[in-house]
Amino acid sequence: MTDSVTSSAAAWGVLPAVVVVALVAVALGALFVVVDRVAVTGVRGALGAPVVEAGRLLVQQRRVTPAPDRLLWRLASAAVLVLAMLSMAVVPVAGRTLWSTTADLVWFNAMEALMWAAVWLLGWGPNAVHSLVGGYRFLAQGLAYELPLMFALITAGLGAGTLRTTGVVAAQRELWFVVTMPAAFVVFLASAAAFAFWGPFSAPAGDDIAGGVVSELSGVERLLVEAGRAVFLGVSAAMAVALFLGGGAGPWLPDWSWQLLKTVLVMLVLVAAGRRVPTLRPDRYVEVGWMVLVPVTLVQALVVALLVLSGWYA
Amino acid sequence: MDVRRRLTRWALARPHVLLVSPGPRALRWAAEAELDRRSWPEAGSPADADVVLVAGEPGPSTSAAVDVLMSQLPRPRVRIDVDRADDVGRRLDGVVAALADVSGQLAEPSGDPQALLRLGEPSEAGGQGDHGGHGDVSEHGDDGGHGDHGGHGDHGGHGEHAHHGGEVAGLPMAGTAPDRDGLELDSLRVSLGPVLPAWPTGLVLSGTMQGDVLTGARLRWIDGDRAPPPSPDDGRPDDGRPDVVALDALARFLRVAGWPVAARRARAARHALLSADEESVRRGRAAAARVTRTVRRSRFLRWSVRGIGDTHGTAGDGIPAGDVLDRAYRWCAVAGGGLPVASAPADLGALAGMVEGQELAAARLIVASVDLDGAAVGAEYGRAHD
Amino acid sequence: MLTDVAVVTLGVLAVAAGAAVFVVDSMARATFALLASFLAAAGMLLALDLVYVAVVTALMMTIEMVVMAVFMIMFMMNPAGLMPMTMVHNVRGSVVVGAGVFAVLTTGIWTIDWPERDGRRPADATRQLGETIMGGHMLVMLVVGIALFATIISGTVLATHRGRYDRFGPELDGERPDDPVPGGLPR
């Protein structure tokens with residue numbers, strides 16, 4: 001495959017492709033919010049929730065704290081959404097990614113690493129204790145799942161023999177990667193939840209610290225951050241489909257509908273599992289991350305490497 | 001203008017509410033039931049809130065704290081005071097219109113918090129962006145200066161630690177001190193409370209934080225030794241019902257433990273149990289049984305909080321023996337009708353001792369694992385169940 | 001043309017952000033100015049179509065800066081960089097060293113006889129890069145990698161304040177480690 005086929009920017013023109021991909025990203029985010037709201041407070045009012053909540057935050061005033069680091073704080077709140085959108089650039093929409101490079105998976109990972117920096121700044125900026133504690137919780141958590149996540153991503157690339165997302169999708173024509181890489185799949189989804197500090201990994205924004213990194217945000221900045229979290233979760237669900245569930249592959253229906261269907265399914269599973277459990281406290285979770293997840297993902301990569309050598313994926 | 005107004009009303013149709021409940025807990029329960037019925041989220045911090053709902057008559061210090069809190073809300077903002085349970089719904093009905101009415105407030109320039117801070121005027125100086133507790137106006141006195149702001153709008157109490165760090169932008173800086181792990185970390189004076197999510201209104205935890213380890217912890221009620229007494233005519237008969245009290249405590253604990261879904265289920269069961277209707281009480285019992293079963297069976301909860309706040313076998317000072325998980329299970333048992341509520345109110349001094357040297361998250365769990373609202377009523381009702 | 005403009009702009013940005021590290025008076029800002037400088041450098045690589053190198057630079061530098069932020073700032077409870085502090089130590093020495101290195105590198109870049117490209121660009125530059133770097137030297141690379149990793153671990157072990165004797169007792173027969181905060185594994 002060449003660039004002109006795999007990149008939607010080349011196929012549809014840069015501007016239309018960017019607009020379409022951005023809209024899809026926002027739609028995925030909104031979808032996630034709806035699914036999550038249904039799980040937490042029930043069906044009532046869930047459908048309109050993303051729009052109403054966005055409207056509320058747009059009407060609301062931006063509020064400041066005494067002596068904040070204004071520049072870094074504002075930068076961070078914008079960065080969360082921007083990074084979530086940028087990670088969408090390498091997720092296939094209708095069979096094409098907005099931007100197709102020879103290092104798509106590393107790009108996705110780099111956006112997550114930048115998210116790390118952004119969320120920590122979010123905690124640092126407002127000059128408030130709860131917020132700062134939240135920022136540090138995020139870092140501690142991040143240190144523990146960054147490596148397993150990297151290994152999970154690399155495992156998919158290893159199996160496909162390419163770091164190009166569309167290549168990874170194409171490599172699953174015979175067999176979905178989730179079959180040979182179950183551990184990588186689970187770790188990827190868990191890390192996505194952790195990067196959006198959502199569900200069992202929501203300690204950085206926990207109620208015990210009054211909302212942590214988001215505790216001092218209001219108005220449009222809160223909207224940017226909350227939207228960024230939601231979009232990132234939606235994008236990650238779509239990415240999980242592309243990396244482990246064969247992308248748009250499926251009988252009868254067109255590719256895009258299969259992809260959407262699988263994405264919604266992944267979201268449902270993520271929300272159902274994530275909302276069933278309480279927050280996993282970082283001081284407990286971090287040890288598991290280092291002592292269990294890192295070895296598990298390494299073994300997973302080893303198994304896949306051996307399968308590659310034996311010609312299993314050929 | 002009309003279009004604009006309608007749009008505003010539509011956008012603010014589901015406002016976030018910060019609940020301040022200095023009054024009897026039956027009143028808070030009514031408020032929470034009404035919020036849950038409307039699916040209006042409870043705000044976690046002033047920045048997140050559109051509405052401050054004061055349930056009950058605040059004492060002088062709490063009242064001042066609510067004023068500071070109000071100044072920390074982004075506009076448009078509304079404060080409503082409720083002192084009768086049957087009044088909550090009606091007052092909340094008016095909130096959206098009120099918010100839309102004051103959405104013109106946006107035009108007003110918001111005061112620069114730093115300028116507010118410099119004023120040194122108690123009701124404003126604490127201003128926004130507190131460190132820790134929201135709107136704590138307390139600690140009158142003994143350290144001079146403008147020491148009456150225990151811990152907000154700054155890095156801890158003014159004047160309390162002028163000896164280290166110096167001042168920047170009118171805020172005292174943290175200085176270093178040896179810590180638990182043998183490091184020299186900056187230490188910061190903080191106060192948690194009197195208003196925090198899932199926290200008894202009026203309680204203030206002050207201490208020094210290094211990283212997120214709390215030392216020198218001190219707990220107190222800002223309006224006197226104990227929470228305000230229940231008002232004579234409001235929901236008194238319900239106030240002491242052990243199953244309802246236990247579900248309430250359990251819901252708070254679950255919220256602090258980061259399990260909003262289960263917390264909501266516990267609250268829903270509590271609402272049903274308080275209903276006058278026989279049928280919903282029956283459903284409430286079943287719901288309570290289900291949620292307590294979920295909590296007891298949750299391996300993740302056990303794994304996550306086991307071992308925190310262990311009394312090492314000795315019960316006393318109103319704190320049941322075991323760790324926070326044992327105490328949460330105890331609430332489950334009480335909710336199922338198996339046990340009476342704790343006989344004596346928890347002793348704040350003993351509680352402060354348990355919180356000492358804990359991390360912030362653990363400290364919150366420990367405080368949430370004992371019934372402090374009960375401190376007010378325990379003396380009158382708790383013993384009756386012995 | 002577009003590439004030239006992008007490279008020059010990002011280059012200026014990288015230098016400016018690098019200079020900002022020494023101008024700003026807060027640790028957080030210095031850290032993130034440095035990160036901005038690295039990201040601009042990554043952007044230059046991207047403009048030159050070296051996607052993998054660019055993205056890996058961004059990835060590694062971000063993590064590095066954030067870890068640096070942890071270690072530099074974690075020990076300080078003054079958020080938002082309220083306590084102004086200078087980022088410069090030994091001004092004269094560092095100016096001399098910095099100017100010297102800059103001169104050497106610039107001279108080198110302009111005087112080296114760079115090879116002309118012969119042949120076509122590969123379809124997958126990342127794979128080719130990997131083969132060039134790792135292909136013939138896989139063993140060396142692996143040994144170096146493991147040696148570096150072992151060094152890091154032994155450094156940490158030597159520096160750590162609490163060893164296994166503190167955790168499991170002098171006879172190492174403690175059933176559970178005696179830690180201030182227990183971890184999540186059953187042991």
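## Two helices that cross in chain A

Let's start in chain A, where helix H10(A) passes helix H13(A) in a left-handed crossing. Keep in mind as you look around that this is a predicted model. H10 covers residues 182-195 of chain A and H13 covers residues 282-309. Their axes come within 8 Å and cross at roughly 135 degrees. That angle is why H10(A) counts as oblique to H13(A).

Which residues of the two helices meet? On the H10(A) side they are A:Ala183, A:Ala184 and A:Val187. Across from them, H13(A) brings A:Leu293, A:Val296, A:Thr297 and A:Gln300. Sort the residues of this contact by class and you get five nonpolar and two polar ones, with no charged residues.

## Where chain A touches chain B

Now zoom out to the place where two chains come together. Chain A puts 45 residues into its contact with chain B, and chain B puts in 52. Three helices of chain A each supply at least two residues to the side that touches chain B: H3 (14-41), H4 (49-59) and H7 (129-160). Which element gives the largest share of that side? The answer is H4(A), with five residues.

As for the classes, the chain A side of this contact divides into 20 nonpolar, 15 polar and 10 charged residues.

## A look at chain B

Chain B has 386 residues, and 58% of them are buried. Its secondary structure comes to 16 helices and nine strands. How much of the contact set joins residues 24 or more positions apart? Counting contacts in chain B with a separation of 6 or more, the share is 63%.

## Two domains in chain C

Last stop, chain C. The domain assignment gives domain 1 of chain C as 1-74 and domain 2 of chain C as 123-166. How far apart do the C-alpha centres of these two domains lie? The distance between the centres is 24 Å.

Methods: Residues are numbered from 1 along each chain as its sequence is written. Chains are lettered from A and ligands numbered from 1 in the order in which they are written. This is a predicted model: local features need pLDDT of at least 70, side-chain atom pairs count only at pLDDT 80 or more; totals for chains, interfaces and linings use all residues. Axes are lines fitted to C-alpha atoms, for helices over the stretch in contact, and angles run from 0 to 180 degrees between N-to-C directions. Helices (H or I, at least four residues) and strands (E, at least two) are DSSP runs, numbered from the N terminus. Angles under 35 degrees count as roughly parallel, over 145 as roughly antiparallel, 65 to 115 as roughly perpendicular and the rest as oblique. A crossing is left-handed if the near helix is turned anticlockwise from the far one by less than a right angle, and right-handed if clockwise. Two residues are in contact if their C-beta atoms, placed from the backbone, lie within 7 Å. Ala, Val, Leu, Ile, Met, Phe, Trp, Tyr, Cys and Pro count as nonpolar, Asp, Glu, Lys and Arg as charged, and the others, Gly among them, as polar. Domain bounds come from an automatic or database domain assignment. A residue is buried if 20 or more other C-beta atoms lie within 10 Å of its own, exposed if 12 or fewer, and partly exposed in between; C-beta atoms are placed from the backbone.
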